[in-house]
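Take a look at the chain below before reading on. The paragraphs that follow walk through it piece by piece.

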Amino acid sequence: LGDYCYKSKINPLVSATPDCLIRSRHPRDEFLILACDGIWEKVSNDQAIALVRAARSEYLTPAEMAAKLVRWALLAGSSDNVTVLVHILNVGKEDIICPDTAIMSLKDVGLSTACLRAHLVLDRRSRDLIHYTESQVISLFSELGFSEDVFSNLAEHHLDGAALLETTEQEFIEDIQMLPLDAAFMAAAIRWWEKTATWI
């Protein structure tokens, strides 16, 4: 477990001894998330739970739920292995929360609902975005699930792809009138596009 160079016999930084917790199953237990440290580097326990619950409200498979969590960790800046397995403990549909409640639970843990659509960011590259027209930028924001008010502010500021890539988190809040959580998501998106600029 862990990197060998951190496991010296004198003052080891990584322990091969796991932390274990044994608890009885409860009928209200919904699911189990097994994930490596690359997830927990950027995603808190509460955020992971909220993300999986929100994905479950869309009736996704466990593999699709795990993929949502992986994509958000990558976009949030994880630089380590990001492996996730989601196991549903109660398979009945009656315990799935409604989408509105799922959205509120994401906001309660400091996440934009756009994090459920992180793949739309991960699949794009800055070399393509820089050529986006204003209408293509609005279309991207629509796909990410942002509000109609945001679209009109984008149009008012004539935000094309090149301008989008130069926009700061504060400008998203002040000029585009985005909610702080959504502005933080877009700032993470821009960091991703900068990081992957040379990727194929």
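Which residues lie nearest the centre of the largest pocket? They are Leu 21, Arg 23, Leu 32, Ile 33 and Leu 34. Keep in mind that this is a predicted model. The lining of the largest pocket counts 18 residues. E1 gives the most, with five residues. The volume of the largest pocket is about 750 Å³. How is such a space found? Rolling a probe the size of a water molecule over the atoms shows where empty space is left.

Now step back to the whole chain. It has 11 helices and two strands. Read from the N terminus, the order of elements is β-α-α-α-β-α-α-α-α-α-α-α-α. Of the 200 residues, 38% count as buried. The accessible surface comes to about 11,800 Å². Carbon and sulfur atoms own 54% of that surface. Contacts also reach along the sequence. Take those between residues at least 6 apart: 68% of them join residues at least 24 apart.

Is Val 86 buried or exposed? Val 86 counts as buried, because its relative accessibility is 7% and the cut-off for buried is under 20%. Its contacts, leaving aside neighbours within four places in sequence, are Phe 31, Leu 32, Val 52, Pro 62, Met 65 and Ala 66. One of these, Leu 32, is also among the residues nearest the centre of the largest pocket. Leu 69 is 17 residues from Val 86 in sequence. In space, the two C-alpha atoms are 9.6 Å apart.

What does its side chain meet? A polar atom of the Ser 78 side chain lies 2.5 Å from the backbone oxygen of Gly 38. Gly 38 is also one of the residues that Ser 78 touches, once those up to four places away in sequence are set aside. Lys 195 belongs to helix H11 (180-195).

Next, the charged pairs. Side chains of opposite charge can pair when their charged atoms come close. How many salt bridges are there? The count comes to four.

One of them joins Glu 30 to Arg 53, with the closest N and O atoms 2.5 Å apart. Glu 30 lies in the segment before strand E1 (31-35), and Arg 53 lies in helix H2 (residues 45-57), so this pair ties together parts that are 23 residues apart in sequence. Glu 30 is buried, at 16% relative accessible area. Arg 53 is partly exposed, at 29%.

Another salt bridge links Glu 143 and Arg 124, at 3.5 Å from N to O. Here too, distant parts of the chain are linked. Glu 143 is in helix H7 (residues 134-143), and Arg 124 is in the loop between helix H5 (119-122) and helix H6 (126-129). The two residues are 19 apart. Glu 143 is partly exposed, with a relative accessible area of 37%. Arg 124 counts as buried, at 16%.

Salt bridges that share partners also build a network of Arg 23, Arg 25 and Asp 29. Within it, Arg 25 pairs with Asp 29, their closest N and O atoms being 4.0 Å apart. Arg 25 is exposed, at 53% relative accessible area. Asp 29 counts as buried, at 14%. Arg 23 brings the reader back to the largest pocket, as one of the residues nearest its centre.

Finally, look at the backbone. Most residues other than glycine have a negative phi, and most peptide bonds are trans. His 158 has a positive phi of about 50°. Its place is the loop between helix H8 (148-156) and helix H9 (161-164). Gln 177 also has a positive phi, near 60°. Gln 177 is in the loop between helix H10 (169-174) and helix H11 (180-195). With a relative accessible area of 52%, Gln 177 is exposed.

Key
Residues are numbered from 1 along each chain as its sequence is written. This is a predicted model: local features need pLDDT of at least 70, side-chain atom pairs count only at pLDDT 80 or more; totals for chains, interfaces and linings use all residues. Side-chain values use heavy atoms; hydrogens and water are left out. A polar contact is a pair of N or O atoms within 3.5 Å; within protein, one must be able to donate a hydrogen and the other to accept it, and residues adjacent in sequence count only if both atoms are side-chain atoms. Contact means heavy atoms within 4.5 Å. A salt bridge is a side-chain nitrogen of Lys or Arg within 4 Å of a carboxyl oxygen of Asp or Glu. Buried means under 20% relative accessible area, exposed over 50%, partly exposed in between (1.4 Å probe, protein chains only). Helices (H or I, at least four residues) and strands (E, at least two) are DSSP runs, numbered from the N terminus. Accessible areas come from the Shrake-Rupley method with a 1.4 Å probe; for residues, only the protein chains shown count as cover. On a 1 Å grid over the protein atoms alone, a cavity is a set of points where a 1.4 Å probe fits but cannot get out, and a pocket is an open set with protein on both sides within 12 Å along at least five of seven lines; lining residues have an atom within 4 Å of a point. Grid points are joined across faces, edges and corners, and a volume is the space filled by probe spheres set on the points.
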